[in-house]
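This briefing takes up the pockets of the model and then the packing of some of its helices. Please keep the sequence and the structure at hand while reading.

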Amino acid sequence: MTDTFLPPDRLPAWQALRTHRERLAAARVADLFDADPGRFDTLSLSACGLLADFSRQRIDRSALDALIELAHQARLPEGVDALFRGERLNHTEGRAALHMALRGGCPPPAADAAQLQDTATRMRTLARELRAGALKGASGRPIRRVVNLGIGGSDLGPRMVAEALAGPAAKHPVTVHFAANIDPQELDEVLSGADPAETLFIVASKSFTTAETLANAEAARAWLRAALGADADIGAHFAAVTNAVAAAVDFGIAEQRLLPMPDWVGGRYSVWSAIGLPLLIALGEDGFDALLAGARAMDEHFRSAPLAANLPVLMGLLGLWNTDFLDQETLAVLPYAHGLRSFPAWLQQLEMESNGKRTLRDGSSTAVMTSPVVWGGAGTVGQHAFHQLFYQGTRAIPVDFIVVAGGEDARRQALANNALAQAAALTHGRSLDEAVAALRERGADDAEIRRLAPHLAIPGNQASTTVLLPRLDAYSLGALMALYEHKVFVQGWIWGINSFDQYGVELGKEMARRLSDATSSARRDGATIGLQRAIAALRRGDPYP
């Protein structure tokens with residue numbers, strides 16, 4: 001596409017939104033409901049089995065129309081079309097971002113189609129053999145445990161989905177585990193009680209140079225050799241997902257156990273690629289295919305629905321409204337489902353690694369805020385930890401509630417009701433008069449009421465979105481993940497940044513390599529030198545120098 005890029009704050013709609021911001025900055029969402037009793041119907045939208053309620057956002061129809069006009073002026077429909085056509089929207093690395101092709105949401109590049117099909121076939125064959133007990137280790141015993149060694153996108157997505165969908169390990173012929181941290185404790189815990197003769201490691205690294213993953217792979221190889229003997233066929237206990245096939249072969253992984261992935265798959269989108277092998281093993285083909293189908297349905301919705309009726313577009317625009325016009329710097333993501341307890345961690349990488357940038361497509365620096373700080377945790381656990389900050393803290397914090405309708409189980413119904421109650425309470429709060437009335441109803445005397453009432457008052461007016469899933473199954477989770485993926489694209493496109501590279505994280509990696517190299521002449525600041533001396537002293541058992 002021809003790029004006639006303008007920074008978002010130079011678009012007419014941005015100026016119009018500043019006017020809406022002045023009008024709505026002090027508005028109370030409770031008053032907006034009073035003024036429009038049908039607000040839920042006009043500000044909620046369903047697609048692919050999900051329902052998103054935006055009615056608790058501090059927005060009205062005219063401001064939302066201005067946001068949609070901003071998307072048009074930013075040429076978002078052209079951007080969506082270019083994304084699905086496979087144009088090189090990752091312009092800094094000269095690559096497309098075609099993770100949708102891995103789930104059938106668009107065609108892959110013709111040059112890669114044959115390799116993708118071959119990888120998919122070998123991936124499914126390997127998973128079938130594992131689940132059938134036909135894949136043997138060096139001693140001829142069936143593999144019963146799979147350990148995925150990856151980090152970032154090679155860990156967060158598969159781990160999150162496995163937690164959500166795999167169910168009790170006792171029900172599976174092969175258990176699937178994950179180790180990402182270079183801290184030995186995580187891998188040690190995963191291997192505690194494991195039988196080396198029945199364990200397979202998947203080394204998941206696109207570049208096959210990821211320091212943490214390779215360190216864990218080396219530790220795994222040493223663990224196998226110590227148990228199985230130096231002459232054992234250690235390669236029988238490894239597979240790899242990588243774009244660096246030669247490096248994996250040099251490590252000792254047999255070519256038939258190598259699953260290549262194309263270079264246009266970014267790490268945080270790689271769960272749909274062969275990086276999803278642990279999920280294919282844990283869920284089986286029906287479950288894995290349902291995950292892909294849910295994401296594919298959201299792809300089609302995103303690609304075809306008008307902006308005003310497009311779930312990822314509206315979610316992206318309202319997040320941009322909160323960040324850039326209401327000055328809200330964070331986003332709390334609260335999944336009311338234990339299975340989704342790692343969803344905020346997966347989303348942290350997706351949002352902050354994609355859009356945590358300041359350089360625009362033309363190389364200039366942005367004049368507006370980009371990605372919020374994403375954080376959160378599972379409900380109802382968070383209600384007994386950090387929700388106090390939402391109620392009476394000094395910051396405005398938008399919240400995404402993710403709620404599973406569930407079945408007949410009374411505890412699941414209570415869980416959903418807790419989420420709805422939290423959203424309502426954060427919206428409406430409790431006035432000082434209501435606090436006084438509540439204390440009087442409890443029988444408090446006038447002095448006690450005067451003392452306590454200010455501490456019971458809650459300002460309310462915290463914005464939230466509620467995303468409702470019919471059930472926590474593979475299809476719904478796939479649609480939910482694709483919803484947030486496309487939301488991130490919407491925001492990155494309008495902000496004018498490249499959502500598909502991550503150059504910033506390279507600096508810390510480079511510095512870590514230099515610090516690990518005793519011969520390096522790299523400059524160290526005073527704090528680094530002092531801390532290295534202190535660490536060396538503690539390792540020797542000496543006091544701090």
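In this predicted model, the lining of the largest pocket is made up, by class, of 13 nonpolar, 17 polar and ten charged residues.

**The largest pocket**

- Among the 40 residues that line the largest pocket, those closest to its centre are Ser-207, Thr-210, Gln-502, Glu-506 and Lys-509.
- Three helices, H9 (211-228), H13 (343-355) and H19 (504-516), each supply at least two residues of the lining of the largest pocket, and H19 gives the most, with six residues.

**The second largest pocket**

- The second largest pocket has a volume of about 480 Å³, and of the 18 residues that line the second largest pocket, Ala-337, His-338, Gly-339, Arg-412 and Leu-415 are the closest to its centre.
- Helix H15 (residues 410-428) provides the largest share of the lining of the second largest pocket, namely three residues.
- Divided by class, the lining of the second largest pocket comprises eight nonpolar, six polar and four charged residues.

**Helix packing: H1 with H12**

- Two packed helices are described by the angle between their axes and the distance between the axes.
- For helix H1 (residues 12-24) and helix H12 (residues 311-324), the axes come within 11 Å and cross at roughly 70°, and H1 and H12 are therefore roughly perpendicular to each other.
- The crossing in which H1 passes H12 is right-handed.
- On the H1 side the residues in contact are Trp-14, Leu-17, His-20, Arg-21 and Leu-24, and these meet Leu-320, Trp-321 and Asp-324 in H12; by class, the contact of H1 with H12 has five nonpolar, one polar and two charged residues.

**Helix packing: H7 with H11**

- The axes of helix H7 (residues 156-165) and helix H11 (residues 277-304) come within 11 Å and cross at roughly 85°, and H7 and H11 are therefore roughly perpendicular to each other.
- In this pair, Pro-158, Val-161, Ala-162 and Leu-165 of H7 meet Leu-279, Leu-283 and Leu-291 of H11, and the residues of the contact of H7 with H11 divide into seven nonpolar, no polar and no charged.

Conventions: Residues numbered from 1 in each chain as written. Predicted model: local features only at pLDDT ≥ 70, side-chain atom pairs only at ≥ 80, totals over all residues. Heavy atoms only, no water. Axes fitted to C-alpha atoms, helices over the stretch in contact; angles between N-to-C directions. Helix = DSSP H or I, 4+ residues; strand = E, 2+ residues; numbered from the N terminus. Parallel < 35°, antiparallel > 145°, perpendicular 65-115°, else oblique. Left-handed = near helix turned anticlockwise from the far one by under 90°. Contact = heavy atoms within 4.5 Å. Nonpolar A, V, L, I, M, F, W, Y, C, P; charged D, E, K, R; others polar. 1 Å grid on protein atoms, 1.4 Å probe; cavity = no way out; pocket = protein on both sides within 12 Å on 5 of 7 lines; lining within 4 Å. Points joined across faces, edges and corners; volume = space filled by probe spheres on them.
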